[in-house]
Amino acid sequence: MCGIIGYVGSENAVPIILEGLRKLEYRGYDSAGIAVRGVSGFEVVKQKGRLAALEKRLEGQRIQGQMGIGHTRWATHGEPSDVNSHPHLGSGSKIAIVHNGIIENYRQLKERLERKGVVFVSQTDSEVIAQLTEYYYNGNLLDTVIRVSSVLEGSYALAIMCLEEPEVLIATKKDNPLIIGAAADAHFIASDVPALLSHTNKVYYLDDKEIAVIKKDSVQFYNQDKEPVTKSLETITWSVDSAEKGGYPHFMLKEIMEQPTVLRDTVRSALTRGTNNAVINSLDINSFNKIVLTGCGSAYNAGMVAKYVFERLCRISVEVELASEFRYKDPIIDSKSLVILVSQSGETADTIAAMREAKAKDAVTLGIVNVMGSTIAKEADYTIYTYAGPEIAVATTKAFSAQLVLLYILAVRFAVKSGKLSEDEGQNLLREIEALPAKAAEILADIDPIQKYASQCVGCKSIFFIGRNIDYAIALEGSLKLKEISYIHSEAYAGGELKHGTISLIEENTLVVAISCSERLYSKIYSNVEQVISRGAKVFLVSNTCKACPDDKLTLLDLPQVNELLSPSLSVIVLQLFSYYVAANKGLDIDKPRNLAKSVTVE
Ligand code: AGP
């Protein structure tokens, strides 16, 4: 939800900021802007539309400066427009800011400033920060930022420049991510690691309400009482290439293709010595009487899959809650509940709120997170990491798959600890999990049939996904993926539920994608397949249990044999590729679907 970047060093800031914004565009892409500290003041260029539109506008402009800030926006307050784009300036153009977050009390603050004669030019909540900083400025930007942040309510990650302090860049945050990158002769501010990787892999993670005073060759941290804070410089292990497309037309395809490696790395991290392994071993299932899995979107769907695995293996009651609902339902949890927070970014506002609600009720919290140093990674009682590397496409693929394998491993370990599985049974299952990367690679080695089938589906108005039990859980993810990137209406249904209403939507040639990886439920899902075919539907059956023969109404896609409980890790790859190729054939902007942003850091 908006990406911000800042630079102070000895080179021209403009190309560095634009390059950083390119890496952050996944966070929002309805407008973008840049401000640099030029010789005679701030030079600001803002443009509605994608970053490319801003780049075009900058062509031929000789903007120069060794300090600057940039922003790529996902609008919350005020329509996407040039004037609502960031950076925002104070009325006297002495202060320039970029903001990610929402200022909840901006109306009151704005009215107060307007009464004092301050004139606002945008409809955004963010402009109030620039105006307030300029209004309060007393010759010391650090003091002023402390004062301003004490009156802001809501969430913010901010980069701030002041005309009168030409060498100082200030960063501060609350409930939104911000990192400070340190290179030999420059410092950076960014919403996320990929924006910095080509310059440095050394970063400081800013904590809430901390303020960083950043200069070309130094950075100092302070708390709200202006006391110095000591922070350690962390090393990022992600490579520069991991944030590049590497020859693929889209990040999404690259990330789908990376899944065998990601699965291997994540499984290894949990089964061999290291922090993931240690955390998993330290959790004692016997001290819990309930597991709650929560997250948003695909992360919620990972929880839906995991529910079947935990319940079957551990015989413990598992609830799956949408994080956006969890916090408002007065959940029945206590110190005997384990609340598992699933999140790629570790910054999803609703999931963070769910975590805080769980902690307030004394539940034990476990984050399953991809981004090191993120809020959930830092605040959850325990954290285990998916080893997916940076995920740039808005539609998650590899991070989702990595979440699934960690959840399987957790379930197996819990089942053995609670005596529901013998050591041998546990080992056998772990060996099957270790075999998943090779099976995923097998699917990815032969994607032509999926590509061909998808190319025939671009005209579909509505696509249904059906499955039973765990196949239904993964159908939810298949349907979300399709909607998200192809803009085709889609719903996922438990196969047996169709006849209770939804089957009335089936017409001649409606496409139904059926998933069947459970031998014991094959005949059940197949009768649902027959029910829809007899009402005119075409079916794409993704299965490793299929006994039927293909015909003009039924297309089969064979999956490798695998334990039913682990099968979502294979079927999801087909569903991801199906969605990808439908969207690609429609010529859509797959990595940046309309109206979406990758990290939803606002409620
Ligand atoms: C999935 O493709 C989505 N882009 C979205 O549903 C995502 O999974 C959700 O917003 C949660 O994000 P998180 O994993 O970073 O918390």
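A pocket is found on a 1 Å grid over the protein atoms alone, as an open set of points with protein on both sides within 12 Å along at least five of seven lines. A molecule sits in a pocket if more than half of its atoms lie within 2 Å of its grid points. The model is predicted: local features need pLDDT of at least 70, side-chain atom pairs count only at pLDDT 80 or more, and totals for chains, interfaces and linings use all residues. Residues are numbered from 1 along each chain as its sequence is written, and side-chain values use heavy atoms, with hydrogens and water left out.

**View 1. The ligand takes up the space of the largest pocket.** Helix H9 (298-314) and helix H17 (470-486) are the elements that give two or more residues to the shell around the ligand; helices are DSSP runs of H or I with at least four residues, strands are runs of E with at least two, and both are numbered from the N terminus. H17 supplies the largest share, three residues. Because domain 2 (245-445) and domain 3 (446-603) both contribute shell residues, the ligand lies between them; the domain bounds come from an automatic or database assignment.

**View 2. The ligand is surrounded by 14 residues.** A residue counts as near if one of its heavy atoms lies within 4 Å. Among the closest are Ser 345 and Thr 348.

**View 3. His 86 and Pro 87 are joined by a cis peptide bond.** Omega is about 0°. Pro 87 is in the loop between strand S4 (67-73) and strand S5 (88-89).

Definitions and conventions:
On a 1 Å grid over the protein atoms alone, a cavity is a set of points where a 1.4 Å probe fits but cannot get out, and a pocket is an open set with protein on both sides within 12 Å along at least five of seven lines; lining residues have an atom within 4 Å of a point.
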